[in-house]
Amino acid sequence: TGTAKKVLSLVCIFAAFFLALAFLSLDRDVLGSGMIRDSFASRVMIWNASSRMIAEHPFFGIGPRNFQEAYLVLQPEFPPYLEWAVPHPHNIFLSFWLFTGVVGLFGFVSLLFILFRRVFPDTDDIAPILSGTLFGLLTAFCMHGLVDTPYFRNDLSYAFWVTAAFILLLRKKKGAEAPKF
């Protein structure tokens, strides 16, 4: 399992580097100008408005359920929006920052960090397929979160917390007593 962890870590680092490079190489001005009319360009417009909201409210955010109102208030500063009814910023990290401020964002990122660290336990008595499946579910949740807000939907929120619970239950030290229910 030690070699598998190293290989998986390298793959994750490479994927994160590739995604960051792809994101940084986007021409956000052209995509956010309204000249390109597709769903990704619409999301870029929403992300640009979200970045502006974060610049105006960096520490405490705008609060839950206030995104659409703040989004429409910013309309004069941007090209005509492709979408008007936008209840959230279509990015889970932007959502946490805008809805809960820096404290909420830090808490969510810390939770993800803990879950990713614990997905592969130190014991050998856990099937690697279970750890790999849970890792895949958590990774899929985070990847989906880059273009939408899966955490703020009831069904996907439950799926996230069930995955988190299984990951935390996997973390049993050698010689430790199993949790009793």
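Here is a run of questions and answers on how the labels in this predicted model come about.

This is a predicted model, in which local features need pLDDT of at least 70, side-chain atom pairs count only at pLDDT 80 or more, and totals for chains, interfaces and linings use all residues. Residues are numbered from 1 along each chain as its sequence is written, and side-chain values use heavy atoms, with hydrogens and water left out.

Q: What makes up the secondary structure of the protein chain?
A: Seven helices and zero strands, running α-α-α-α-α-α-α from the N terminus on. Helices here are DSSP runs of H or I with at least four residues, strands are E runs of at least two, and both are numbered from the N terminus.

Q: Why is Ser50 called buried?
A: Buried means under 20% relative accessible area, exposed means over 50%, and partly exposed is in between, using a 1.4 Å probe and protein chains only. Ser50 comes in at 0%, so it counts as buried. Ser50 sits in helix H3 (residues 39–56). Buried residues make up 33% of the 181 residues in the protein chain.

Q: Which residues is Ser50 in contact with, leaving aside its neighbours within four places in sequence?
A: Phe67, Pro89, Leu94 and Leu98. Contact means heavy atoms within 4.5 Å.

Q: What makes the largest nonpolar core a core, and which residues have the most contacts inside it?
A: A nonpolar core is a set of buried Ala, Val, Leu, Ile, Met, Phe, Trp, Tyr and Cys residues joined through side-chain atoms within 4.5 Å. The largest one has 17 residues, and Phe108 and Phe160 have the most contacts inside it. The elements giving two or more residues to this core are H5, helix H6 (128–145) and helix H7 (154–170), with H5 giving the most, six residues. Apart from this core lies another, of 16 residues, among them Ile54, Ile62, Phe67 and Leu74. As a general point, nonpolar side chains in soluble globular proteins tend to be buried together.

Q: Which residues does Phe160 touch, leaving aside its neighbours within four places in sequence?
A: Phe160 is in contact with Phe108, Leu111, Leu112, Leu115, Leu138, Phe141 and Tyr151.

Q: Why is the pair of Phe96 and Phe152 called tilted?
A: Rings of Phe, Tyr and Trp (its six-membered ring) pair if their centres lie within 6.5 Å; planes under 30 degrees apart count as stacked, over 60 as edge-to-face and the rest as tilted. The centres of Phe96 and Phe152 are 5.2 Å apart, so they pair, and their planes are at 45 degrees, so the pair is tilted. This pair links distant parts of the chain, with Phe96 in helix H5 and Phe152 in the loop between H6 and H7, 56 residues apart. Phe96 is buried at 9% relative accessible area, while Phe152 is partly exposed at 38%.

Q: What makes the pair of Tyr151 and Phe152 edge-to-face?
A: The planes are 85 degrees apart, with 5.4 Å centre to centre, and angles over 60 degrees count as edge-to-face. Tyr151 is buried, with a relative accessible area of 18%.

Q: How many aromatic pairs are there by this rule?
A: The count comes to 14. Ring pairs link Phe93, Phe96, Phe99, Phe108, Phe141, Tyr151, Phe152, Phe160 and Trp161 into a cluster.

Q: How do you know that Arg52 forms a salt bridge with Glu77?
A: A salt bridge is a side-chain nitrogen of Lys or Arg within 4 Å of a carboxyl oxygen of Asp or Glu. The closest N and O atoms of Arg52 and Glu77 are 2.8 Å apart, and the pair qualifies. Arg52 lies in helix H3 and Glu77 in the loop between helix H4 (67–73) and H5, so the pair ties together parts that are 25 residues apart in sequence.

Q: What separates Arg52 and Glu56 along helix H3?
A: About one helical turn, because they are four residues apart in the helix. Arg52 also forms a salt bridge with Glu56, the closest N and O atoms being 3.2 Å apart. Arg52 is partly exposed at 34% relative accessible area, and Glu56 is partly exposed at 40%.

Q: How many salt bridges does the structure hold?
A: Three. One of them joins Arg153 and Asp155, with the closest N and O atoms 3.4 Å apart. Salt bridges that share partners join Arg52, Glu56 and Glu77 into one network.
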